[in-house]
Amino acid sequence: MFVFLVSGAICLGGALGVVLFRNTVHNALSLVATLFGVAVLFIAQEAYFLAAIQVIVYAGAIMVLFLFVIMLLGAERVLPEAQPRFRWLTPAAVILALVFLATTSVAIIKGEIDLTQPQLDEPMVRVVNALDGVAAVDVYLDETQVADQVAFGEASSFEDWDTGRYQARIFEAGADPESDPPLAEYPVNLVADVALSLTAIGTAQDPDLVTVTEDLGQINDKDELRVLAVNALQGRMAIDVVNDTDAGNRRVLAENVPYGTASEIIEIEKATYAIGVYPTGSSRTRLMGIEDEELDADTSVLWVFTEQRQADSSYRNAVINLETDVRPKFGSPEHVGQLLFSRYVLPFEMVSLLLLAAMIGAIVLTHDRRGPRRRLVRRLANVPASLEQPAPGQTGD
Amino acid sequence: MEASEVSIELYVLLSAILFIMGAMGVLLRRNAILIFMSVELMLNAANLALAAFARQWGNGDGHVMVFFVMTVAAAEVAVGLAIIISIFRQRPTTNVDDINLLKG
């Protein structure tokens, strides 16, 4: 509240100065104060990128341009303000302003517009295939295809989806969803803001579907990331996921994860890790592991630990390692940039064209076409002087 | 954060007052440069409201809109000041009432 009051007062004072001061330079400096106040208010509203742009573009570039033109034209001289052409304009403007202010105030205060509900992001869905014995899978939510031809160990990319309840169905790739029976089906409930990984696990004879919910919200701590693990081992024992990076100081990341479930999401620091998977209760038999895994900050990592049956009936361990960037912080340059280069590419390009046109326009407008003519005028002015000079001398003789 | 205590109504009200001051500047002052500054003031008032609503709805679209408004303002200032300079060459005044060359 304190920040708002102080910067709001600076804004209003600056605005008053712009309207009331007689000296144009003072007006420009008041406008700088207002722009600065607005920049502070941007920061108070978590619009960090806009605050930076406000200071650089407005208070920096635009105001320098203004002051430059004021000085160039000598407009800073305080002249008696010319009488406005229309006498009735002043009272009319004041009355209009008061009416506008009263209307907006009533609308804002009495409007009772429901502004309390923040908008949530759409749910996102992807498909992860850890299903052994099937070459690839197609996955449908109700009648709509989420992903097709997802091979073992692969994942589709996240797709935005509408909220609601769906029946997720897994088919062998190329199957007809109308007639063929699905390998597995599972009801899913998509709510706003979640990122869901539909993970197909098990074998062709006994397939199963795990829905893994990831949290792609902003991570509060710097240099941290989220990890979670899914147990899809066909041995069906519960597993522990252990941080093996430092053999002397092993840290259990997820304990007692039963078959077909996902572990709790935990946040770890970014580093290079060695991760080991052990049967619960036995720290000696390392089932599988991930070595030298470099994990970046501000990501959400999903590990699916699974096995694939080989031709000689032995099992080969496989880890599906999926790294997703979390959503950028609201108002950060990443956030604005992501919007600018996804949803607003066309307006962005048009605005850049507009700037280019403005640049050329400014050059054309200020280009002095009278350049050569002025030289001519000077010469003509010199001619009578040179003609007149000898004249007095001649009369003197 | 401290700012979350401030309700959006206050931001919008401040934005409305700034906008009105800008409009008054445009209507009452006769100096062309000052009129441009008042237009900047009005654009800033709109930016403030856009940022406030973007915060309220947790939606980045308002920020992108503010970004575009700033770009357009920069273009407008470049062209507008160029026009003022080229008018000043014709007739050394920045008073908009004296600029009546198109008058029949």
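Let me start with packing: the buried residues of α3(A) sit against α2 (24-44) and α5 (333-340) of chain A, and against α2 (32-57) and α3 (61-90) of chain B. Contact here puts two C-beta atoms, placed from the backbone, within 7 Å. Buried means 20 or more other C-beta atoms within 10 Å of the residue's own, again placed from the backbone.

Some ground rules. This is a predicted model; local features need pLDDT of at least 70, side-chain atom pairs count only at pLDDT 80 or more, and totals for chains, interfaces and linings use all residues. Residues are numbered from 1 along each chain as its sequence is written, and chains are lettered from A in the order written.

Back to the helix. α3 of chain A covers residues 48-73, 26 residues in total. Helices are DSSP runs of H or I, at least four residues, numbered from the N terminus. First C-alpha to last is 36 Å, close to the 38 Å expected at 1.5 Å a residue. α3(A) bends by about 30 degrees at A:M63. That is the angle between axes fitted to the seven residues ending there and the seven starting there. Its buried residues include A:F49, A:Y58, A:I62 and A:F66. Just after α3(A), A:G74 has a positive phi of about 65 degrees.

Now, which residues touch the most other members of the largest nonpolar core? B:L18, B:I33, B:M37, B:L48 and B:A51, out of 66. Such a core joins buried Ala, Val, Leu, Ile, Met, Phe, Trp, Tyr and Cys through C-beta atoms within 7 Å. α2(B) gives the largest share, 14 residues. B:A51 touches residues including A:F42, A:L50 and B:V66.

Key. Helices (H or I, at least four residues) and strands (E, at least two) are DSSP runs, numbered from the N terminus. The expected span of a helix is 1.5 Å times one less than its number of residues. A residue is buried if 20 or more other C-beta atoms lie within 10 Å of its own, exposed if 12 or fewer, and partly exposed in between; C-beta atoms are placed from the backbone. Lists of a residue's contacts leave out its neighbours within four places in sequence.
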